[in-house]
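Please consult the sequence and the structure shown below while reading.

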Amino acid sequence: MDKMFVISMTDWQAVLGQFSASYSLFAPVEFNGSQDYELVDKENTGNIIYNHPKPATPVKTFFLPVKENVTVESGIEKPAIIMGVPSCDLAALDILDEMYLQRDYTDIYYKNRRENFILIGYDCRSIVENCHCTSYGLKPYPEKNCDLMLARDRHLVFLQSLSARGAELLKEMGKYADIIKASKDEASEINEKRSEITRLLKDKNKNLPGYELSGKLIKDSPDKIWKSYASTCVSCGACAAICPTCTCFLLIDRPDFEKIRQLDTCQYPGFEKVAAGEDPLGELFVRFRNRYQCKYVWKPLKFKSIACTGCGRCIDTCIGKISKNELLEELASEKNS
Amino acid sequence: MKETNIYKPLRAELIEVIEESPTIKSFVLVPEQEFSFATGQFVELTLNGTGEAPFTPSSSPLVKDRIEITIMKAGYVTEKIHNLKPGEIMGIRGPYGRGYPLDRLYGKEILIVGGGCGFAPLRSLLYNLEAEKDKVRKVTFCYGSKNPAECIYKPYIENLKTIDKFEVHRTVDVADETWAGEVGVATVLLDKVEVNIDDSVAVVCGPPIMMKFGVMKLLEMGYKDRQIYLSMEKNMSCGLGKCGHCMMGEYFVCKDGPVFSYDEIKDQPDIWK
């Protein structure tokens with residue numbers, strides 16, 4: 001792992017000012033009590049939120065826009081830096097990459113963005129209600145799929161490159177700011193904070209079954225529990241829209257043989273319906289269960305990457321107040337009783 | 001790995017429309033460039049500006065300059081396709097998926113069971129088997145249609161009957177005054193066929209309910225799960241194993257199928273829906 005560097009907050013603001021001119025710079029900004037990625041310029045770099053999880057929308061939406069014409073030339077986009085990506089969203093890029101870059105067919109629109117967007121990941125310095133990345137073997141700090149790691153401590157910003165592109169970016173920063181190596185004490189302080197957050201997460205989710213066990217529990221579960229939890233589901237699809245690993249889409253036809261790739265979800269009625277009328281997901285509780293089966297039972301059989309990274313957004317967003325974690329904990333406790 | 005745009009269809013000119021039955025038509029298309037497929041693979045056909053739907057070609061995979069697609073009027077897109085006239089330009093993507101396992105059919109007694117428009121992919125298979133007749137031991141084709149008028153490819157059936165090693169049995173669900181043959185669903189024909197089951201492979205294609213009862217009957221006759229091949233009809237929307245609409249348990253039907261052996265899919269949820 002590369003060495004950790006440190007830069008003063010004042011210098012960092014200068015770097016961001018420069019970057020916002022040469023890149024499209026996105027970072028988490030607070031809005032109405034929640035945070036989400038916004039395009040920032042040198043006037044509002046002060047509004048950026050540091051190291052507090054997590055943007056309302058996953059970083060997925062940068063690579064897979066809700067709607068995109070996938071038959072016209074993809075214009076060369078201004079290079080972008082996306083700053084503030086939490087570890088859960090970075091890990092989720094694994095399955096997106098598998099789906100859109102591998103498996104015999106490459107989506108050139110997705111590929112173009114993956115190659116051109118620079119990602120700066122955040123260490124999570126706090127946890128919010130439904131965070132559970134550590135239950136699925138992840139750490140609450142960036143380990144992969146990003147170029148730089150960033151952690152802010154009061155007036156200092158710590159940076160570490162996690163890719164060749166990240167190292168380049170550090171070099172570029174050196175033109176606008178004093179970057180020095182972090183001391184041993186500073187580095188170990190960062191590690192201590194990482195351990196503390198990891199411990200908090202593990203403690204908070206001590207009853208939550210792990211990823212593989214969840215798959216087994218779901219596979220063996222009776223209809224009853226799904227009917228019960230689905231009773232407040234209204235098939236709004238918010239859980240999937242906001243999920244960093246859900247990848248399903250619909251192709252919509254436009255004149256001149258153009259096609260729009262629009263994100264879609266198995267939670268919407270008619271998702272699997274065929275012209276002759278058969279609809280495997282016709283019943284609401286079957287549809288509701290399908291998303292869990294897909295993530296924990298079926299995807300593991302066909303994909304190398306995990307299909308839930310424990311961000312908890314599906315729970316945050318559910319208007320039916322359905323908690324995935326409560327459901328899985330209930331399955332686990334029923335198994336034990 | 002294909003770096004081309006996976007969503008962009010080729011253009012194909014519609015040169016002929018053949019009325020097969022009151023609800024089924026065949027569309028002969030000439031793609032702008034050579035288009036090869038293996039029998040049982042499917043294509044995504046675009047009706048410009050309206051929609052796209054998956055179909056398994058009904059023509060021989062050995063014919064490279066044109067492709068024939070047989071379509072039943074069943075929904076929004078297919079109804080509009082039925083109104084097309086020769087000269088129109090359509091879009092075509094593919095071919096996609098895994099077709100019929102010819103290597104596992106050659107040298108065996110092949111029992112083919114079809115219902116309704118399910119004859120379409122099977123005709124492609126039959127063309128292929130006919131062309132490779134020396135590798136084929138025996139082909140028994142059992143076909144059921146709703147009524148005599150809904151029987152498609154009548155001239156082809158008559159021709160098939162005259163071919164050495166090929167045997168054809170037909171039934172209709174509901175007879176009329178023109179019909180003197182068997183009455184009942186396609187599975188009733190299976191009582192009549194003579195086949196050495198241990199050395200046989202069965203291929204079934206038709207409406208889900210017919211496939212379900214077809215499989216039950218074949219199992220009852222003594223066929224093993226792995227000796228039965230099915231063409232699954234699911235909502236194959238992208239054809240690329242990505243969009244998720246055709247998921248059947250762990251399988252993406254468009255990529256892992258659409259042809260499966262029964263033992264591969266029997267434990268997946270809702271296979272007949």
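In this predicted model, local features need pLDDT of at least 70 and side-chain atom pairs count only at pLDDT 80 or more, whereas totals for chains, interfaces and linings use all residues. Residues are numbered from 1 along each chain as its sequence is written, and chains are lettered from A and ligands numbered from 1 in the order in which they are written.

Helix α10 of chain A, residues 284-302, is mostly covered, with 14 of its 19 residues buried (20 or more other C-beta atoms, placed from the backbone, within 10 Å of the residue's own). α10(A) bends by about 50 degrees at A:Cys294, the bend being the angle between axes fitted to the seven residues ending there and the seven starting there.

Chain B holds seven helices and 15 strands (DSSP runs of H or I with at least four residues, and of E with at least two). The radius of gyration of chain B, 18 Å, is close to the 19 Å given by the globule rule for 273 residues, so chain B is as compact as a globular protein of that length; the radius is taken over C-alpha atoms, and the rule is 2.2 Å times the number of residues to the power 0.38.

| Property of chain B | Value |
|---|---|
| Span of the C-alpha trace along its principal axes | about 50 × 45 × 35 Å |
| Share of the 273 residues that count as buried | 50% |

Between the chains, 37 residues of chain B are in contact with 34 residues of chain A (C-beta atoms, placed from the backbone, within 7 Å). Strand β4 of chain B, residues 51-55, gives the largest share of the side touching chain A, three residues.

Methods: Buried ≥ 20, exposed ≤ 12 C-beta atoms within 10 Å, placed from the backbone. Contact = placed C-beta atoms within 7 Å.
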